[in-house]
Amino acid sequence: MAEIDLDGVIRGIGKTQHKALMGEAKKRHARLMGLAAKAKTKESKARLKQTAKDMMELANAAARRLQLTAENAADSYARAMRNALEDIKAAEAKAAAAAKAKTAKKQA
């Protein structure tokens, strides 16, 4: 566990949030559809069905935005870590070249 792949953790959290949001949306949709089935008037039945449909569309959009945000954050983190690793390698190479030049100068 010396090195944790945090972009994977970020993606996992996004998936968990997506599943939780969609699970609650499905429960609420089922509840509204149940109320629509019990409705006495045609207008109230249509209103409840439309509310259930709109709620699912909005929940899908919110879940999609959550997922995209998590993926973008994970990609950004991974890119930042790659850039930091490249910077470290470049600094090490520069230090090694300076040390080599210093030893060559001493020998001359």
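User: Why is R11 called partly exposed?

Analyst: R11 has a relative accessibility of 28%. Buried means under 20% relative accessible area, exposed means over 50%, and partly exposed lies in between (1.4 Å probe, protein chains only). R11 therefore falls in the middle class. This is a predicted model, where local features need pLDDT of at least 70 and side-chain atom pairs pLDDT 80 or more, while totals for chains, interfaces and linings use all residues. Residues are numbered from 1 along each chain as its sequence is written, and side-chain values use heavy atoms, without hydrogens or water.

User: What makes D75 and R11 a salt bridge?

Analyst: Their closest N and O atoms are 2.3 Å apart. The rule asks for a side-chain nitrogen of Lys or Arg within 4 Å of a carboxyl oxygen of Asp or Glu, so the pair qualifies. The partners sit 64 residues apart, D75 in helix 2 (residues 42-107) and R11 in helix 1 (residues 6-38). Helices here are DSSP runs of H or I, at least four residues, numbered from the N terminus. D75 is partly exposed, at 33%.

User: How many salt bridges does the rule give?

Analyst: The count is two. E24 and K27 also pair, at 3.5 Å from N to O.

User: Why are helix 1 and helix 2 called roughly antiparallel?

Analyst: They pack at about 180°, with axes 9 Å apart. Axes are lines fitted to C-alpha atoms over the stretch in contact, and angles run from 0 to 180 degrees between N-to-C directions. Over 145 degrees counts as roughly antiparallel, under 35 as roughly parallel, 65 to 115 as roughly perpendicular, the rest as oblique. The helices are therefore roughly antiparallel.

User: What makes M22, A25, M55, M56, A59 and A63 a nonpolar core?

Analyst: A nonpolar core is a set of buried Ala, Val, Leu, Ile, Met, Phe, Trp, Tyr and Cys residues joined through side-chain atoms within 4.5 Å. These six residues form the largest such set. Helix 2 gives the largest share, four residues.

User: Which residues does A59 contact, leaving aside its neighbours within four places in sequence?

Analyst: L21, M22 and A25. Contact means heavy atoms within 4.5 Å.

Notes:
Helix = DSSP H or I, 4+ residues; strand = E, 2+ residues; numbered from the N terminus.
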